[in-house]
Amino acid sequence: MSNATSDNETVHRVSFLDRESVNIPILKVLQADGTVYDNAVLPAIDEVLAHRIYDTCVFTRVLDERMLGAQRQGRISFYMTCTGEEASIIGSTASLDDGDVILAQYREHAAIRYRGFTTEQFMNQLFSNEKDLGKGRQMPIHYGSAELNYQTVSSPLATQIPQATGVGYSFKMQGKRNIAICYFGEGAASEGDFHAGLNMAAVVKSPTIFFCRNNGYAISTPTSEQFCGNGIASRGPGYGIHTIRVDGNDMLAVLAATQQARAYAVENNAPVLIEAMTYRLGAHSSSDDPSGYRSKDEEAKWQQHDPVKRFKLWMINKGWLTEKQDAEMYEKYRKEVLAELKVAEKLPMAMLDTLIEDVYDTPTPRLQQQLKDLKKHLKKYPDSYPNSKGRL
Amino acid sequence: MAEINMLQAINDALSIALESNEKSILFGEDVGHFGGVFRATSGLQAKFGRDRCFNTPLTEQGIAGFANGLASNGMVAIAEIQFADYIFPAIDQIVNETAKFRYRSGNEFNVGGVTFRTPYGGGIAGGHYHSQSPEAYFTQTAGLKVVVPRNAYQAKGLLLASIRDKNPVIFFEPKRLYRANIAEVPDEDYEIELGKAEVVRQGTDITLLAWGAQMEIIENAADMAAKKGISCEIIDLRTLAPWDAETVATSVKKTGRLLINHEAPLTGGFAGEISATIQEECFLHLESPIARVCGLDTPYPLIHEKEYMPDALKTFEAIKATVNF
């Protein structure tokens, strides 16, 4: 038992533990030049998987660049990029079974893309049009798809963490060899839900991977003002959770760690904590300007660790990719994103009836009455309500 | 049909829920081997195993988040919050997540399989951390159903209906009645429809409306009023969200008067919502202003609990004042 002090070594002088007492190495497989460390053990990866991963990287880069631009032009209200964190997100997602459920924070759109979310589906959500699976109920970037086992993103921070524990437990109870994976930033790990979720997962034995993207900043707050311990990984053993720290800009390291984490979670019905050390190259969101709180030098330093570039060099070294193919991929996605954007922004919003749908499984009489009253009003003043004008 | 108390009725409902659906899971603080601080879950771990009935760590937000996750992936989550006073650490999970899961995802995902059971209310010398009635906080949140039973029979049928409802439910159990209320309860599986109020007693002069433990109070007050020749119609609201305005309005149109009694503080209490709606629906039928007999706008007290309570005597006085307005 963890409380059985008889198993512990005893000392007879006062001696405290501190953050230095916990020495956590960082797993690295891939070097900046695209070559592999001499003694590194490669993850399971073949050319097909490598291409699916790289394809997702390129699409995500293009989407982030284009949609941030679209936000600046006032075409969408809000946007968030995952630039710099692609290896953490895609490397981990690529290690999973398609039946595993992803519970994302809000910066993991690369994961839903990896699962097959189409460019059209991205645009429908970003423009909140009538084809948005979320029926235009949440801000841009709150993607979700039941078909792709990617639970719809919720804005309040860290709420997905204890939920992931429940999803993992449900797989155990259903006798399925699947897991839940939960993404969050190091800032979210300050919320009570983080403690609640990880502690419960360890105690109830839930097969769940808790994946922390330690990207250096929570909006403007650097990690030095977020926690004083040895990162997030140091907390794992405290909960009794299998834990690893990886280079979050190293696709192969993330892939290797998550593949083994998943196998461990399934075999043991137990959680795993992964802390990916990475850096948010972009702003927190389109409403943020990082020049107010961090230096250009710092950003430039991290540009040297670009995870997409590093993985690309590895693929070129393997003979699986050429610069020409790479350029063609970017060009293809630039055209595709722009074309889909133009279609999606012209589609109308969902019909007004969806306003009262999904509050309960069926609208209550009171909700039906409220909609009826509202429609009467909108018909009287149609010009004041352009979204529903002519579509009641 | 056996005479059992409310705890036994709840235990029976939980046992049936676990038996009849293998996807259902019961958990909370101390609910495992010990059977919960009130023993509502006694014997269930022995019957259904530690995987389906277990203790959680002391974390209300964890319990609620875990319940959401379970239900989002096809399970039925029956979670106990040990006292309704301790539901507040879980309020973000309940209000922002449980209630909105279906709506915010466009019905890609839902947590309709969640039921939170929690003992509420005073009368047990519990002071303000073991006596609160926080139901009104949750009636403001679209997407939740809020249910309160008045006796053992109601508790079993309403709880089974809550667990099987396709929407998340918060089920407030009047702990003052846990052992005090004994009723004939069928052994078999039955459900009482949610969202429906029940006219418990017919009358002609005034409608008295309450829920949960306060039903006993208004029935006592009605008996006192009857001796003065006042005929009270009594309604148990049973479900507060969504609530059955139609049954209440029909009754008020007949009696011309309404008194609402609840244990929670007056200000912002659910009686205010009912008053406003009934005033809209029944304005020309009302013979007097709608009366509210509620808890005071103080934290729930310890030594002055008896004074604080919206008891039968206070209700009786309000009945007379309303009828003689």
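**Close-up views of a predicted two-chain model**

**View 1. Asn5 at the end of a strand in chain B.** B:Asn5 is found in strand S1 (residues 2-5) of chain B; helices (H or I, at least four residues) and strands (E, at least two) are DSSP runs, numbered from the N terminus. Because its relative accessibility is 12%, B:Asn5 counts as buried (buried means under 20% relative accessible area, exposed over 50%, partly exposed in between, with a 1.4 Å probe and protein chains only). A polar atom of the B:Asn5 side chain lies 3.0 Å from the backbone nitrogen of B:Leu7. Leaving aside neighbours within four places in sequence, B:Asn5 is in contact (heavy atoms within 4.5 Å) with B:Ala152, B:Tyr178, B:Arg179, B:Asn181 and B:Ile182.

This is a predicted model, in which local features need pLDDT of at least 70 and side-chain atom pairs count only at pLDDT 80 or more, while totals for chains, interfaces and linings use all residues. Residues are numbered from 1 along each chain as its sequence is written, chains are lettered from A and ligands numbered from 1 in the order in which they are written, and side-chain values use heavy atoms, with hydrogens and water left out.

**View 2. The open sheet of chain A.** Seven strands with parallel pairing follow the order S1-S8-S9-S5-S4-S2-S3; two strands pair if DSSP finds at least two bridges between them. Strands S1 (26-27) and S3 (150-151) of chain A stand at the edges with a single partner strand each, so one side of each has no neighbour in the sheet. Further in, look for S5 (residues 208-214) and S9 (residues 272-277) of chain A, which run parallel and are joined by six bridges.

**View 3. Helix H4 of chain A and its surroundings.** Six of the eight residues of helix H4 (residues 119-126) of chain A are buried, so this helix is mostly covered. Those buried residues are A:Thr119, A:Phe122, A:Met123, A:Asn124, A:Gln125 and A:Leu126. They pack against helix H1 (47-72), helix H3 (109-115) and helix H11 (323-344) of chain A. After H4(A) comes A:Ser128, with a positive phi near 50 degrees.

**View 4. The two domains of chain A.** Chain A is divided into domain 1 (47-345) and domain 2 (352-388), with bounds that come from an automatic or database domain assignment. Their C-alpha centres lie 36 Å apart.

Note on methods:
Polar contact = N/O pair within 3.5 Å; in protein donor to acceptor, adjacent residues only side chain to side chain.
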